[in-house]
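I set out to record what I looked up in this structure.

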Amino acid sequence: MSTGTGTAPGVAPEPVGSDDLSLAVAALTSPDLAEIVDLAAWVDAGWLYVANADGSARLPVTDPDGPWEVRFGRHPLACQDPMHGVPLAAALADPSPPNERDAYPFAGRRLLSAFGDATRSPDLIVVHTPRHYWPERGGHLGEHGSLNAGQSRAPLVLSGPGVRVRGLRPGAARIIDVAPTLAALAGVTLPDAEGTPLTQLAGPGARHVVGLLWDGANSNDLLHLAQTGELPNVARLLAEGTALTGGAIAEFPSVTLTNHTSALTGVGPGRHGILHNVYFDRATGRQVIVNDVKTWHAACEQLRDGVETLFEAIARQRPGAVSACVNEPVDRGAHYSTFGLVRAAGNAGGAGDMGDYLPPAEGDPHASARWVQESSDYAWSTRVDALGFAQVIQLWAPGTTPPDVMWWNTTVTDTGHHGGGPYSEQSRAALRDADARLGGFLDLLAERGLLAETAILLTADHGSEAADPACRGDWGDALRAAGVRFRDEGYGFLYLGESALDGLTPDAM
């Protein structure tokens, strides 16, 4: 954000040598790739560097909050305003903006966390532009993964006993604040968390605490639809609570398993070890895939030593309390867990072998029939969420003792935002489906007289931003042409000096 001494703006530094890193940075920051490469980032000799076709800056790794030193040209992370693109009208006025009009909240801390693991962090990170459309590599019309505000912004709603304020409030939190806040609501602490409890908004006072994660939900649209009556049950939460208009900023990369883990541990990827949905571990020489139907049940095996989940903190500090974790891979320490049931079944394919246990999507009263029929991905997510909803209803059914703390992950919201992009008919249908299931849960709480005793936090793991089908390209071609030996994991995590086939096993391929 601030400039210092060093190379004068507009004067490029001397090349540092013809090693893989220098060659890769030169290729990635070429104007020829400016349409698809937002910036590149790397750490060297105690500095975090960022660069793109327009300029470069660096930050001491010992001072993650700045100031930045501009090396030449324009600072690629000049704006780090967490409220950029808020509210919905502001986002619609400048959708998927170019780097010079975009913002990158908490950029230093988030990038340094991504580089913080001794054997799993990449040598070089490529952040693709918000408009970049890359279906050949798993990209979608609705995109996330970036460092920027739009793809990183998850909603943050708090409701019920212990919540001290009402209505929409300006400001933004971070995903790493979610676990400490839920812990505070439940009367425990996460002493080693990097995030902080949002005590200005909420504190102890609830008999039951529930965390809801609507995967991929766009914060601006969620609040807009709640205010216009299209999400009546989110509106019920807001009537008894509050929401930050800037939501909660995801850790980098703004992808699913990295941020599910951050939300439930209160630490970034450099601490918890789940660096991306897929990454390479030099200690084992293997590709690690954590965000896959075949591996979700084993994701917690990748947590680094010393990392404590919310469920473990509850068990340690409240031995009599019961916790439940529904449709969530980061479940270590929970007394009841969907993926605990998957592990107990002993199927080698994990949840991928459990399709016969999923309810049918057709006829689901909480599902949008049009999208169930038109999209196989939407139908599958609907089935997963229907099973999760059934588990929640069983856990809270009349005559049972409900859990003291519960976490409930919803999948269809991510599918809808990927399939149609944010603000689309499909993404909004997915939000309405999730809202309908939330309504069934709230009605059950009211029926049992538990609504006034239950604090609820609603968030997501990342945001969603629209890609441009005309913005195509693959930086791998330029890297290969430059003679760089690399492997690209998760599309953007470059491990230099490694062959793309090194360490792969048949099941990972």
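Entry on the cavity. I took a cavity to be a set of points, on a 1 Å grid over the protein atoms alone, where a 1.4 Å probe fits but cannot get out; lining residues have an atom within 4 Å of a point. I joined grid points across faces, edges and corners, and a volume is the space filled by probe spheres set on the points.

The model is predicted: local features need pLDDT of at least 70 and side-chain atom pairs pLDDT 80 or more, while totals for chains, interfaces and linings use all residues. Residues are numbered from 1 along each chain as its sequence is written, and side-chain values use heavy atoms, with hydrogens and water left out.

My search of the whole structure returned one cavity of 30 Å³ or more. The largest cavity has a volume of about 30 Å³. I listed its lining as Leu 212, Trp 214, Trp 408, Thr 410, Ala 434 and Leu 438. Strand S11 (208-214), S18 and H15 are the elements that give two or more residues to this lining; helices (H or I, at least four residues) and strands (E, at least two) are DSSP runs, numbered from the N terminus. I counted five nonpolar lining residues, one polar and no charged, with Ala, Val, Leu, Ile, Met, Phe, Trp, Tyr, Cys and Pro as nonpolar, Asp, Glu, Lys and Arg as charged, and the others, Gly among them, as polar.

Entry on aromatic rings. I paired rings of Phe, Tyr and Trp (its six-membered ring) with centres within 6.5 Å, calling planes under 30 degrees apart stacked, over 60 edge-to-face and the rest tilted. I found 10 aromatic pairs in the whole structure. Trp 134 and Trp 475 are edge-to-face, at 4.7 Å centre to centre and 65° between the planes. Trp 134 lies in the loop between strand S5 (124-128) and strand S6 (142-143) and Trp 475 in helix H16 (residues 475-481), so this pair ties together parts 341 residues apart in sequence. Both Trp 134 and Trp 475 are buried (under 20% relative accessible area, 1.4 Å probe, protein chains only). I also noted one aromatic cluster of Phe 389, Trp 396, Trp 408 and Phe 441.

Entry on strands. I counted strands as paired if DSSP finds at least two bridges between them. Strands S2 (residues 47-52) and S3 (residues 55-60) run antiparallel, joined by six bridges, and they form a hairpin with two residues between them. Trp 47 has Pro 60 as its bridge partner in S3.

Note on methods:
Buried < 20%, exposed > 50% of the residue type's maximum accessible area, 1.4 Å probe, protein only. 1 Å grid on protein atoms, 1.4 Å probe; cavity = no way out; pocket = protein on both sides within 12 Å on 5 of 7 lines; lining within 4 Å.
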